[in-house]
Amino acid sequence: MTSSSGSEPRFIGIDLSGLVLRASIVNNSGQIEERRKVKIVADQLVTQVTQVVSELRGLNSNIEAVGIAIPGLVSRQTDRVVASRDFPLTVREDLHAEFMTATGARVEIENDANAAAYGEYKVGAGRGSRDMFYITIGVGIGGAIILDGKLWTGASGFAGEFGHITIDTEGIECDCGNMGCLETVASGPSIVRRANERLYRDGTSSLSRLAINKNFTADDVAHEANNGDDFSMMMIERTGKYIGTGVAIVLNLLNIERVVLGGGVMDAGELILNPIIQEARRRAFQPCFEATQIHAAKLGADAASIGVAMLARDAAA
Ligand SMILES: [Zn+2]
C-alpha cells in the first residue's frame, strides 16, 4: 500500500531493540504506513538495515531521512554508539558514516529509550505536555527527559538513566557496578529472581505449578496476577512500589508535568500502575506530586520506531 497523499515527506524509523529490527515508514503526523520486521543477525546489521531501507524506499519515493534507535549508550554529539550490551559491534567510529553511505540517506541515530520517549511525546501518552519524563521497564530499565519539546541528554549524552538510581543501599550488585539499583529489583528478570526467592514459602501460588515445568517469565507473573493469584499480585504490587519510589525522586528533582511509563513490565496494566502512583504520592513532595500526571504509554512496541523517525524529521528543522 503506497500512500495517496502526494509528495508529503515520509521518514523511516528503525528500532533495533529486543534483537529484532522493526522498520516503518512514518508520515508527518507520526502514523505508520508500512512496517517490516526482521530477526537481527548481529554481524550483518548494516546490510540488514540497508536492505530494509532500500525496500521501503521502493514503496515510497518521498523518504527524507532515516532514524535508527539503538539499545546502548548513543552520543548525538559525536553520532557514535559508546557502549551496547546487545550489539557490541555497533561500538565503532565509522558506524554512522557507514549507515549514510549504505542507505544513501540522511541518518540520525539515537538511544532506544530516548527514541521511544520522543514517540510518546509527539503522538502518544505525552502528547499535549511541554515537559515529560519517560520510563521504560522491560529486560532493563531506561529513562529519558524531554524539556520544552527537546530531549535533554545531559553533559555527554547519557541523562535519564532511571534504572540505575539507588533504591536499596544494601542491595545486590548491578551490571553497572553499583549496588541496589532500581534495575536489580524491578526489571523483568529481577521480578523473576525475586519471585523465585520467595516462591518456596508459598506453594499455593499458581506460579509454583508453572515453575515445576518451566522457567517462568515476568510476563507469566503479570498474567497470573491478572488471573487473581495472590502471590503474583503481591510481586507486581511490590515491583510497582519500587518503581513509584523512583518516580517520587524524579518528581522532587524535576517537578515534571508528565510521567509516561512503557515497556513490557507495564503490560500488567492497572495492577502495576496503581501502586506506582500510590507510592509516588506517598513519597514525593506533595506540591510536586500534585503538578504531575502519571500515565501508561500508548504506542507499545511502535514507540521507538515512530519516535526515531520523528527525531530524524526534526533534526533537519
Ligand atoms: Zn545499576
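**Note on the predicted model**

1. Start with the metal site. The donor residues of the zinc ion follow the spacing H-x9-C-x1-C-x4-C in sequence. This is a predicted model. The four donors are His164 through ND1, and Cys174, Cys176 and Cys181 through SG. Their distances to the zinc ion run from 2.0 to 2.3 Å.

2. The geometry of the zinc site is tetrahedral, with angles of 105 to 121° among the four donor atoms. For comparison, the ideal angle for four tetrahedral donors is 109.5 degrees.

3. Cysteine 174 is buried, because its relative accessible area is 7% and the cut-off for buried is under 20%.

4. Next, the nonpolar core. The largest one holds 41 residues. Those touching the most other members are Phe162, Ile243, Val247, Leu251, Val259 and Leu261. Helix 8, residues 230-254, gives the most to this core, with eight residues. In soluble globular proteins, nonpolar side chains tend to be buried together.

5. Look at isoleucine 243 in particular. Leaving aside residues up to four places away in sequence, isoleucine 243 touches Ile137, Phe162, Leu182, Ala186, Leu261, Ile272 and Ile276. Two of these contacts, Phe162 and Leu261, are also among the core residues that touch the most other members.

6. Glutamate 33 deserves a check. This residue is found in strand 3, residues 32-39. Its relative accessibility is 18%, so glutamate 33 counts as buried. Which side chains does glutamate 33 meet in polar contacts? One is that of arginine 10, at 2.6 Å. Another is that of asparagine 27, at 3.3 Å. Glutamate 33 and asparagine 60 lie 27 residues apart in sequence, and their C-alpha atoms are 10.0 Å apart in space.

7. With a relative accessible area of 11%, glutamine 48 is buried. Its side chain reaches the backbone oxygen of lysine 39 at 3.0 Å. Beyond residues up to four places away in sequence, glutamine 48 touches Leu21, Val38, Lys39, Ile40 and Val41.

8. Helix 2 spans residues 95-103, and Leu95, His96, Phe99 and Thr103 are buried in it. Why are they on the same side of helix 2? They cover an arc of only 105° around the axis, which puts them there. The elements covering these buried residues include helix 1, strand 4 (63-70), strand 6 (80-83) and strand 7 (106-111). Glycine 104 follows helix 2, with a positive phi near 65°.

9. Aspartate 79 is in the loop between strand 5 (73-75) and strand 6. Where is asparagine 255? It is in the loop between helix 8 and strand 11 (258-262). At 45% relative accessibility, asparagine 255 counts as partly exposed.

Technical notes: Residues numbered from 1 in each chain as written. Predicted model: local features only at pLDDT ≥ 70, side-chain atom pairs only at ≥ 80, totals over all residues. Heavy atoms only, no water. Helix = DSSP H or I, 4+ residues; strand = E, 2+ residues; numbered from the N terminus. Buried < 20%, exposed > 50% of the residue type's maximum accessible area, 1.4 Å probe, protein only. Polar contact = N/O pair within 3.5 Å; in protein donor to acceptor, adjacent residues only side chain to side chain. Donors = N, O, S within 2.8 Å, 3.2 Å for Na, K, Ca; no water. Tetrahedral: all angles 85-135°; square planar, octahedral: opposite > 155°, others 65-115°. Core = buried A, V, L, I, M, F, W, Y, C linked by side-chain atoms within 4.5 Å. Contact = heavy atoms within 4.5 Å. Arc of directions from axis to C-beta.
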